[in-house]
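Look over the sequence and the model below before reading on.

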Amino acid sequence: MTRVRITRLSLRWRVAVAFGLGSLMITGIFAVVTWNLASGYMLRQREMSATAQAEVNVRLVDSALHQGSGGLGDLLTGLTTDSDSSVLLERTQGWLTSGRQIDPARLPTPLLALGEQGVPARQRLVVEGVPVLAVTLPVSSDRSTYVELFPLTQIDRAFRYISAVLIGGVAASTLLGIAIGLWTSKRALRPLTELTRAASRVAGGDLQARLPAQDDPDLARMATTFNRTVEELEDRVRQDARFAGDVSHELRSPLTTMANAAAVLHRRRDEMTGTAGRAVELLLAEVTRFQRMVVDLLEISRDHQIDDAAVETVDLGELVDHVTRVRLHPCPVVEIDGAAPAVQGDRRRLDRVVANLLDNAEKYAGGPVRVAVLRSTAGARIEVDDAGPGIPPELRRQVFERFARGVRAGRRGDDAGSGLGLALVTQHVARHGGSAWVEDRPGGGARFVVELPVGAP
Ligand code: ADP
């Protein structure tokens with residue numbers, strides 16, 4: 001069964017449509033009332049003047065008939081006022097007509113019947129394409145019926161003009177209603193837009209994001225509640241980070257002692273046999289990993305507590321080239337796109353980002369095969385390619401989380417890392433308003449990408 005997906009209008013558009021419909025209803029009612037009043041009044045006026053005119057004319061016809069019907073034809077011709085008007089006189093001998101020639105058979109029988117019965121009557125009708133007002137009056141002298149057709153073309157034109165103006169007015173006011181609705185809803189939703197912006201900054205890790213103070217009492221409560229919630233969240237995060245930092249700090253000295261002791265034991269490895277020797281090796285590997293983890297943890301928690309970002313203009317090409325030359329021997333050529341813009345950033349953190357990516361490529365993929373600094377739509381991007389096993393798609397997000405060790409999860413050994421290197425990369429890059437991810441390298445292996453905007457963090 002095919003499912004029809006109905007896209008709901010956004011709140012802004014729903015408000016705008018409601019304004020438009022409201023405006024359409026009000027102006028529509030106003031237009032209908034105006035139309036009825038104006039057209040009714042004009043028609044009544046026309047009918048009254050036509051009836052009065054016909055009554056005068058019928059008296060003239062009546063007196064002419066009294067004096068004998070000699071000049072009747074000329075009189076009837078003289079009574080027609082314009083080319084579209086017609087005068088018809090039904091006599092026992094037949095019909096006499098003047099003006100626009102109309103077949104009497106086209107006139108409605110009930111109207112003629114009333115005239116014949118001596119009852120004055122009038123009716124609006126269209127005769128041969130021309131709207132007319134037919135007035136029927138009895139002629140008292142010889143029981144004839146006098147019918148005069150007054151053209152309504154002018155009044156009809158006036159009606160068409162008025163209706164066009166009214167329809168145009170209703171359409172314009174509906175559009176205006178929609179425009180006002182859009183403008184009003186934009187203004188009314190502005191605090192919500194600010195709230196969404198602030199909330200997404202908080203979600204992106206910027207715990208300093210706050211809503212500006214509001215004058216409106218309703219909005220003031222929302223802003224205060226939001227700001228208080230974020231403050232509490234920030235406090236909690238700082239406390240957690242401080243705790244992790246304190247623990248890491250406290251662990252550093254005993255760990256150094258353990259590492260030294262393990263190193264002393266390892267130097268005497270040859271004197272140990274079997275499992276004892278293997279145990280010493282394992283001890284040294286684990287203590288080294290533990291030390292690395294504590295250093296990384298300390299950096300991550302320190303990053304949350306202190307905002308020591310020294311923002312400066314950083315030439316990424318130069319920075320990546322320098323870090324690569326210091327860390328890798330032999331050093332691969334760093335491909336630098338001359339168009340890559342300099343970024344505003346913290347050199348220490350960016351150094352660390354590049355170093356972690358290069359170290360990982362060394363540790364897990366036999367070293368980077370390409371290091372590049374390129375221009376991107378957002379600003380600049382760093383790419384570190386390796387020809388190693390790559391990262392399976394399902395683990396690509398996970399490896400950037402803390403203590404995530406990808407396919408190595410659960411394994412122990414010399415190459416076992418802390419699982420914090422890529423988490424640090426994400427944290428530092430996010431501070432710069434950028435993003436980091438991993439994708440497939442064309443030809444096999446992994447491509448770690450860091451994208452940084454040009455602006456300051
Ligand atoms: P670690 O301290 O374990 O290196 P990272 O956060 O730097 O922590 O990396 C997380 C995991 O991602 C690693 O354990 C490894 O499994 C995987 N990984 C990182 N870089 C690469 C790479 N270049 N090639 C393959 N796997 C990698």
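R197 is placed in helix α4, where helices (H or I, at least four residues) and strands (E, at least two) are DSSP runs numbered from the N terminus. The model is predicted, so local features need pLDDT of at least 70 and side-chain atom pairs count only at pLDDT 80 or more, while totals for chains, interfaces and linings use all residues. Residues are numbered from 1 along each chain as its sequence is written, and side-chain values use heavy atoms, with hydrogens and water left out.

Is R197 buried or exposed? R197 counts as exposed because its relative accessibility is 53%; here buried means under 20% relative accessible area, exposed over 50%, and partly exposed in between (1.4 Å probe, protein chains only). Between the C-alpha atoms of R197 and D346, which are 149 residues apart along the chain, the separation is 24 Å.

T184 also lies in helix α4, which covers residues 153-203. T184 is partly exposed, because its relative accessible area is 28%. R12 is 172 residues away from T184 along the chain, and the C-alpha atoms of the two are separated by 8.8 Å.

The next helix to consider is α5, residues 217-267, which holds G245. G245 counts as buried because its relative accessibility is 6%. Leaving aside neighbours within four places in sequence, G245 is in contact with L298 and S301, contact meaning heavy atoms within 4.5 Å. The C-alpha atoms of G245 and V33 are separated by 78 Å, and the two residues are 212 apart along the chain.

Along the principal axes, the C-alpha trace spans about 160 × 55 × 50 Å. The radius of gyration is 47 Å, whereas a compact globule of 457 residues would have one near 23 Å; the radius is taken over C-alpha atoms, and the globule rule is 2.2 Å times the number of residues to the power 0.38.

Of the 457 residues, 39% count as buried. The protein exposes about 26400 Å², of which carbon and sulfur atoms supply 57%; such areas come from the Shrake-Rupley method with a 1.4 Å probe, and for residues only the protein chains shown count as cover. Among contacts between residues at least 6 apart in sequence, 62% join residues at least 24 apart.

Not counting residues up to four places away in sequence, V320 touches V334, V354, V371, V373 and I382.

How many of the eleven residues of α9 are buried? Eight are, and the helix is mostly covered; among the buried residues are G421, L424, V425 and H428. After α9 comes G433, with a positive phi near 75°.

Some loops also have backbone features to note. H329 and P330 are joined by a cis peptide bond, with omega about 0°, and P330 sits in the loop between α7 and β7 (334-336). E128, in the loop between β3 (121-127) and β4 (130-139), is not a glycine but has a positive phi near 50°. E128 counts as partly exposed, at 41% relative accessibility. F403, in the loop between β10 and α9, has a positive phi of about 60° although it is not a glycine. F403 is partly exposed, with a relative accessible area of 45%.
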